[in-house]
Amino acid sequence: MARKNITKLEIIQTATRLFLTEGYSKTTIKHICDEIGISKGNLTFYFPTKEDLLSVLVEMLGSFQWKFMDYVIKEGSSPLMAYCLELLTVASACEKSETARDFFTATYTHPQSFAVMKKNTAEKFRFVFHERENEWTEDEFMMTVGLVTGIEYATIMAHEDALPLETRIIIAVDGIMKLFDIPEERRKLKEEKIFQTGYEKLGKTIYEGFTEYINETNEHAIEELVLKRRKG
């Protein structure tokens, strides 16, 4: 018999576990319902499609990435370095894990989640490059953000004939910093530093940490994210 009492939080936590262990592509609404013990109608009342679930998860991913950047900055790194490390850890996780790559592929290729991802990227770059914000029109800034998200996607979604991870990261980071007119000397210093961090272990830790972050989230936080997404 299907359960009647169910919360958005339980749905999100179950979906996250399945997306990150079984893969987003392989996980169906039926699979999630069976794991929780509810009918499809109970789940789709809160989240009409799997993409709606993914969009909320991407909102939560954005919050988690902010926490990661804040931690790195408190440890003494610059905001730009914190962003570079975040990109490196995501790319490393995708390099090592098929399910991680499947999840992040979905975040960049589904319209709803991509819109959330692009908004999160814009917020990060307003923070990282705040001293230059007045030099750009809003259209110029958002066009640059669009280019950055494309570079990010190309970096983490490697195929079997792709360049080595470190080469892709250097090309990506250098290209992104060029878009924001970072001088070559400063770019080279950042590129040298990011590979001195034990990024492979950090990537695995961050990927696992996201699941823990979801599990520690409360129902109120989920409600706020759902409302935020609906308001656009």
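A residue counts as buried when its relative accessible area is under 20%, as exposed when it is over 50%, and as partly exposed in between, using a 1.4 Å probe and protein chains only. Cys33, at 3% relative accessibility, is therefore buried. The model is predicted: local features need pLDDT of at least 70, side-chain atom pairs count only at pLDDT 80 or more, and totals for chains, interfaces and linings use all residues. Residues are numbered from 1 along each chain as its sequence is written, and side-chain values use heavy atoms, with hydrogens and water left out.

**Overall make-up**

- The protein has twelve helices and zero strands, where helices (H or I, at least four residues) and strands (E, at least two) are DSSP runs numbered from the N terminus.
- Read from the N terminus, the order of elements is α-α-α-α-α-α-α-α-α-α-α-α.
- Of the 232 residues in the protein, 49% are buried.
- Among contacts (heavy atoms within 4.5 Å) with a separation of 6 or more, 75% join residues 24 or more positions apart.

- Two packed helices are described by the angle between their axes and the distance between the axes.
- Axes here are lines fitted to C-alpha atoms, for helices over the stretch in contact, and angles run from 0 to 180 degrees between N-to-C directions.
- Helix α4 (residues 50–74) packs against helix α6 (residues 98–109) at an angle of about 100°, and the two axes are 10 Å apart.
- The pair α4 and α6 is therefore roughly perpendicular; the classes are roughly parallel under 35 degrees, roughly antiparallel over 145, roughly perpendicular from 65 to 115, and oblique for the rest.
- On the α4 side the contact uses Leu54, Leu57, Val58 and Leu61, and on the α6 side Phe103, Phe104, Ala106 and Thr107.
- Sorted by class, the α4 contact with α6 has seven nonpolar residues, one polar and no charged.
- In this sorting, Ala, Val, Leu, Ile, Met, Phe, Trp, Tyr, Cys and Pro are nonpolar, Asp, Glu, Lys and Arg are charged, and the others, Gly among them, are polar.

**Packing of α6 and α8**

- The axes of α6 and helix α8 (residues 138–156) come within 10 Å and cross at roughly 155°.
- Helices α6 and α8 are therefore roughly antiparallel to each other.
- Their crossing is left-handed, a term for a near helix turned anticlockwise from the far one by less than a right angle, whereas clockwise is right-handed.
- Arg101, Phe104, Thr105, Tyr108 and Thr109 of α6 meet Thr149, Glu152, Tyr153 and Ile156 of α8.
- The contact of α6 with α8 comprises four nonpolar, three polar and two charged residues.

- Thr16 sits in helix α1 (residues 8–21) and is buried at 1% relative accessibility.
- Leaving out residues up to four places away in sequence, Thr16 touches Leu57 and Ile214.
- Leu88 belongs to helix α5 (residues 79–96) and is buried, with a relative accessible area of 0%.
- Leu88 and Val173 are 85 residues apart along the chain, and their C-alpha atoms are separated by 9.2 Å.

**Cysteines**

- The structure holds zero disulfides, a disulfide being a pair of cysteine sulfur atoms within 2.5 Å.
- Cys84 is buried, with a relative accessible area of 1%.

**Backbone at Asp181**

- Asp181 is not a glycine, yet has a positive phi of about 55°.
- Asp181 lies in the loop between α9 (165–179) and α10 (184–194) and is exposed, with a relative accessible area of 52%.
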